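Here are my notes on the model, in numbered points. Please read them with the structure open.

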Amino acid sequence: MLAHYNAVAGDLRSPERILAAIQRLKPFFAGKVVEELRRSDIALYIEKRKADGISNATINRELDVLSAAINHARYKWEWEITNPAERMSLKEPEGRLRWINRAEADILIREAEKEPKSPHLADFVRLALNTGCRKNELLKLEWDRVDLRENRLHLEGQHTKSGKRRFIPLNAEARQALLGRANFRARFCPASPWVFAHKSGERVKYMQNGYQAACERAGIKDFRVHDLRHTFASWLISEGVPLAEVRDLLGHSTIEMTERYAHLAPDNHVRAVSVLDRLSRSSHVEGAKAIQQGS
């Protein structure tokens, strides 16, 4: 059965996580016959992982890999089997949501500019804050997918976590960050295809140390690189941008993923319920007119 995992791994995002899940699944399911698997087997696996102190979210990701392998056999190879891993997911707590305000962001960018070993860092922070792109969407960005004439980035399915094509509009701040990278490229590595490149032209793959150092100097605690993306979404929602538009900009596959930011727009809720006040006043006026006409 475990041979099927490799067949589906290429179809799923985050191959590192797929391989990690396979390593966790192997000790329990190796040697089992897929046709004989039952939901009770899946339940036993869940109990074991819980006993090991593993979170519901991690267990769910492992079950996703198992389910994908079984479905591969069902739909690609037309095996007449059931999938006992379906609908066995555990409840997960609401995801982490950490963001900073604009004043804090300005301080972070200034501190990022001071990182001598990370000349790319400040432009990375600017671009992440103003596009909402994921870390690898930016670090793996190539110049042939940057359109400064139309002011947008072009991401094909293989570049995104969702596997869907996406265009990212560039505001003035994002454009300036890209121009900063273009100037760096022209000076040090004109042949490099990467937006975020070292002087040698090789792609920047790691920036955690410089980023954390900049956060510490800025006095910003518990702020991960991915939180730049949360900040982008939070700023938009706070300014009244509709959830559906934010969903499209972030590349979320469903609106439910974006709804975690909805509480940041309380004024929208106030405006929504105020509609009832207008309806009530209109009803009272109509009622008063009817009484007058009846008298």
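**Notes on the predicted model**

1. Confidence first. This is a predicted model. The protein chain has a mean pLDDT of 87, and 85% of its residues reach 70 or more.

2. Over residues 1–13, pLDDT stays under 50. The model has 30 contacts beyond four places in sequence for residues 1–13. Where pLDDT is low, predicted coordinates should not be read in detail.

3. Next, a helix pair. Helix 2 covers residues 15–29 and helix 3 covers residues 39–51. They pack at an angle of about 120°, and their axes lie 11 Å apart. Helix 2 is therefore oblique to helix 3. The crossing of the two helices is right-handed.

4. Who makes the contact? Helix 2 supplies Arg24, Leu25, Phe28 and Phe29. Helix 3 supplies Asp41, Ile42, Leu44, Tyr45, Lys48 and Arg49. By class, the residues of this contact of helix 2 with helix 3 are six nonpolar and four charged, with no polar ones.

5. Three strands form an open sheet in the order 1-2-3, with antiparallel pairing. Strand 1 (146–147) and strand 3 (166–169) are the edge strands. Each edge strand pairs on one side only. In general, the strands of a sheet pair through backbone hydrogen bonds.

6. Which residue of strand 2 does Val146 stand opposite? That residue is Leu153. Strand 2 spans residues 152–155, and strand 1 pairs with strand 2 in the antiparallel sense over two bridges.

Terms used. Residues numbered from 1 in each chain as written. Predicted model: local features only at pLDDT ≥ 70, side-chain atom pairs only at ≥ 80, totals over all residues. Heavy atoms only, no water. Axes fitted to C-alpha atoms, helices over the stretch in contact; angles between N-to-C directions. Helix = DSSP H or I, 4+ residues; strand = E, 2+ residues; numbered from the N terminus. Parallel < 35°, antiparallel > 145°, perpendicular 65-115°, else oblique. Left-handed = near helix turned anticlockwise from the far one by under 90°. Contact = heavy atoms within 4.5 Å. Nonpolar A, V, L, I, M, F, W, Y, C, P; charged D, E, K, R; others polar. pLDDT = per-residue confidence, 0-100. Pairing = 2+ DSSP bridges.
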